[in-house]
Amino acid sequence: MGLLERLRKEWFIFGIVLVIAVARLEPAVGVKGGPLKPEITITYIAVSAIFFNSGLSLKTEELTSALMHVRLHLFVQIFTLVFFPTAIWLFLQLLSITPINEWLLKGLQTVGCMPPPVSSAVILTKAVGGNEAAAIFNSAFGSFLGIVITPLLLLLFLGSSSSVPFTSIFSQLFMTVVVPLVIGQIVRRYIKDWLERKKPPFGAISSCVLLMIIYTTFCDTFANPNIDLDKFSLIIIVFIIFSVQMSFMFLTFLFSTRNNSSFTPADTVAIIFCSTHKSLTLGIPMLKIVFAGYEHLSLISVPLLIYHPAQILLGSLLVPTIKSWMVSRQKALKLTRQPKAPVKV
């Protein structure tokens with residue numbers, strides 16, 4: 001249960017940050033030009049630190065065993081980077097006629113464009129006992145794909161909202177995401193034994209840096225005197241986020257358990273979490289790059305800031321149910337595959 005406790009603790013910390021921000025406790029700390037200087041420390045240093053830390057901690061050798069499971073990888077990546085954003089776009093066409101804040105709705109679209117996360121989907125898959133290697137591969141591979149595909153999706157669905165030239169987006173992403181990640185992997189090769197022996201707290205380091213990014217984003221949101229964030233829209237967005245997660249988890253379960261799917265119960269567990277979870281670690285820095293200087297950036301970021309703790313909470317609550325299904329399904333399959341004893345005459 002240690003993994004679940006870690007997830008619940010992370011969700012609780014995000015809740016504290018949200019309460020602090022909503023309560024407007026020293027919101028100016030995080031805004032541009034404030035004591036934290038987020039235009040430098042967040043945009044460049046913090047983002048680079050997260051991905052250097054990811055490169056340093058990512059065990060690439062653990063991914064080789066899952067590399068050949070092509071059908072599973074295609075399913076996860078197509079669902080999360082094609083079906084998910086398209087379905088959200090179609091859903092938003094219906095919601096556009098409602099009084100829900102339009103910028104929060106655009107924020108829902110950005111959630112759909114995000115790649116799978118590196119941590120939560122893997123932790124939940126491991127907690128259930130699913131295909132952890134497949135979860136690790138798809139989380140890492142999805143993050144790499146997201147570096148290129150997510151900005152393209154954002155520009156496709158919200159292109160007119162971006163005030164940053166296309167080349168600037170990818171140059172900044174390359175310098176703050178790809179380069180630190182590669183450097184982290186290179187450094188890992190030389191200090192691998194030390195890392196295995198000392199086991200540095202990579203998760204805690206990334207969480208602390210990410211919390212600083214989240215805090216400054218909330219500060220930007222609630223320090224704006226002209227912000228138009230009504231309670232009705234916020235409550236509806238929270239309800240929609242939980243509904244979307246539950247619906248998509250059910251869809252992935254149905255698709256991956258069809259008779260001709262060839263996926264094992266352990267594969268289905270990895271598919272459920274990797275296909276429906278979205279990355280906050282990559283998402284918030286990417287939104288800050290793609291929509292840098294845009295006046296509605298704070299409102300657009302809110303759904304993603306809600307989606308991350310919501311997916312952790314919902315996933316941890318469903319772990320016992322999914323684990324019970326997986327175990328019973330594995331036993332049933334094992335019984336059907338056992339050769340029948342010859343009947344004695």
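Is glutamine 109 buried or exposed? Glutamine 109 counts as buried, at 3% relative accessibility (buried is under 20% relative accessible area, exposed over 50%, partly exposed in between, with a 1.4 Å probe and protein chains only). This is a predicted model, in which local features need pLDDT of at least 70, side-chain atom pairs count only at pLDDT 80 or more, and totals for chains, interfaces and linings use all residues. Residues are numbered from 1 along each chain as its sequence is written, and side-chain values use heavy atoms, with hydrogens and water left out.

Keep glutamine 109 selected: it lies in helix 4 (residues 102-113). Helices are DSSP runs of H or I, at least four residues, numbered from the N terminus. Beyond its neighbours within four places in sequence, glutamine 109 is in contact (heavy atoms within 4.5 Å) with Pro85, Ile88, Trp89, Leu92, Phe157 and Leu158.

Next, select helix 3 (residues 70-95). A kink of about 40 degrees is centred there on phenylalanine 79; the bend is the angle between axes fitted to the seven residues ending at a residue and the seven starting there.

Then select cysteine 113, which is buried with a relative accessible area of 1%, and cysteine 274, buried at 0% relative accessibility.

Finally, colour the model by pLDDT, the predictor's confidence in each residue, from 0 to 100. The protein has a mean of 75; confidence is highest in helix 3, at 92, and lowest in helix 1 (residues 2-22), at a mean of 51. Over residues 19-30, pLDDT stays under 50. Where pLDDT is low, the predicted coordinates should not be read in detail.

Technical notes. Helix = DSSP H or I, 4+ residues; strand = E, 2+ residues; numbered from the N terminus. Expected span 1.5 Å × (residues − 1).
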